[in-house]
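Please look over the structure shown below.

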Amino acid sequence: MIKNLTYLSRLICLALLTVWVMSAQATEIRVITSGAYTEAYKKLVPLFEAATGHRIVSFYGASIGNAPDSIPSRFARGEIFDLVILSEGGLEALNRQGKLLSGSRVDLALSQIGAAVRKGSPKPDISSVDALRQALLNAQSVAYSASASGTYISGELFERLGITDRMKDKAKRIYSERVGAVVARGDAELGFQQVSELIPFKELDFIGTLPSEVQQTIYFSSALVNGSAQDRLAVARQLVGFFTSPAVADVVRATGLEPATRR
């Protein structure tokens with residue numbers, strides 16, 4: 001399996017194999033991840049599968065909110081998972097509901113909020129708080145996510161900038177879709193979301209991150225799900241160990257995230 005991977009991928013797999021050998025019996029686990037970690041997840045999971053022989057069945061949804069495909073909604077419907085990856089706020093909410101195995105949280109990455117416009121469009125200055133405020137006021141339409149970053153933007157950022165009332169008619173929360181897709185097709189002039197969810201879109205020009213004074217840096221973390229079988233939990237722990245290993249740190253950084261230091 002490893003011979004078909006790129007050179008970098010082979011190095012990562014070999015590093016993984018120094019810790020784990022091929023399992024005598026492959027195990028399938030179900031993992032759900034929120035948007036900010038998705039690009040890193042999609043790059044790393046095939047390497048883990050190739051090196052271990054285990055199979056990961058993947059699902060995706062927002063960390064918070066009541067959209068039908070959000071992680072809280074999926075848990076509320078009784079969908080079965082072995083491992084969940086989401087924002088720390090979303091994770092703590094599930095933990096309070098007793099959905100997660102106590103003490104199993106592991107921080108995977110730090111994420112910040114950025115902004116983007118459709119490729120070729122004028123790029124407003126957002127490098128200072130005053131510039132960001134003016135960019136928002138000048139924009140004809142603004143899109144933000146229905147997950148953690150969007151909750152911060154609509155619930156805190158607009159208020160801190162003193163523009164809540166002026167944004168009501170032109171700022172839109174996006175459900176079950178990435179903000180980048182909305183901006184790319186021209187349905188919004190300016191879009192805000194986690195950096196790792198914006199930069200994969202080739203149809204966008206990434207402007208930059210929010211100024212440090214009003215930035216929200218979020219931990220995206222994993223946790224094991226209560227009720228999972230022990231063999232599946234063992235594989236889930238291996239997968240988390242791979243996600244946090246130094247061998248894959250550069251892969252994570254390339255997706256717009258910063259690997260987390262364990263807390």
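**The largest pocket**

By class, the lining of the largest pocket holds ten nonpolar, 14 polar and six charged residues. Here Ala, Val, Leu, Ile, Met, Phe, Trp, Tyr, Cys and Pro count as nonpolar, Asp, Glu, Lys and Arg as charged, and the others, Gly among them, as polar. The model is predicted: local features need pLDDT of at least 70, side-chain atom pairs count only at pLDDT 80 or more, and totals for chains, interfaces and linings use all residues. Residues are numbered from 1 along each chain as its sequence is written, and side-chain values use heavy atoms, with hydrogens and water left out.

- The volume of the largest pocket is about 420 Å³.
- Of the 30 residues that line the largest pocket, Gly35, Gly61, Ala62, Arg178 and Glu197 are the closest to its centre.
- A pocket is an open set of points on a 1 Å grid over the protein atoms alone, where a 1.4 Å probe fits, with protein on both sides within 12 Å along at least five of seven lines; lining residues have an atom within 4 Å of a point.
- Grid points are joined across faces, edges and corners, and a volume is the space filled by probe spheres set on the points.
- At least two residues of the lining come from each of helix H2 (38-52), helix H6 (148-161) and strand E8 (190-194).
- H2 gives the most to this lining, with three residues.
- Helices (H or I, at least four residues) and strands (E, at least two) are DSSP runs, numbered from the N terminus.

- Buried means under 20% relative accessible area, with a 1.4 Å probe and protein chains only.
- On one side of E10, Ile218, Phe220, Ser222 and Leu224 are buried, and on the other Tyr219, Ser221 and Ala223 are buried too.
- In a regular strand the side chains alternate between the two faces of the sheet.
- Strand E3 (residues 83-87) runs antiparallel to E10, joined by five bridges; two strands pair if DSSP finds at least two bridges between them.
- Phe220 of E10 stands opposite Ser87, and also opposite Ala109.

**Strand E4**

- Five of the six residues of E4 (residues 106-111) are buried, so E4 is largely enclosed by the rest of the structure.
- E4 and E10 (residues 218-224) run antiparallel and are joined by five bridges; Val106 stands opposite Ser222 in E10.
- E4 also runs antiparallel to strand E11 (residues 258-259), with two bridges, and Leu110 has Glu258 as its bridge partner in E11.

Definitions and conventions: Buried < 20%, exposed > 50% of the residue type's maximum accessible area, 1.4 Å probe, protein only.
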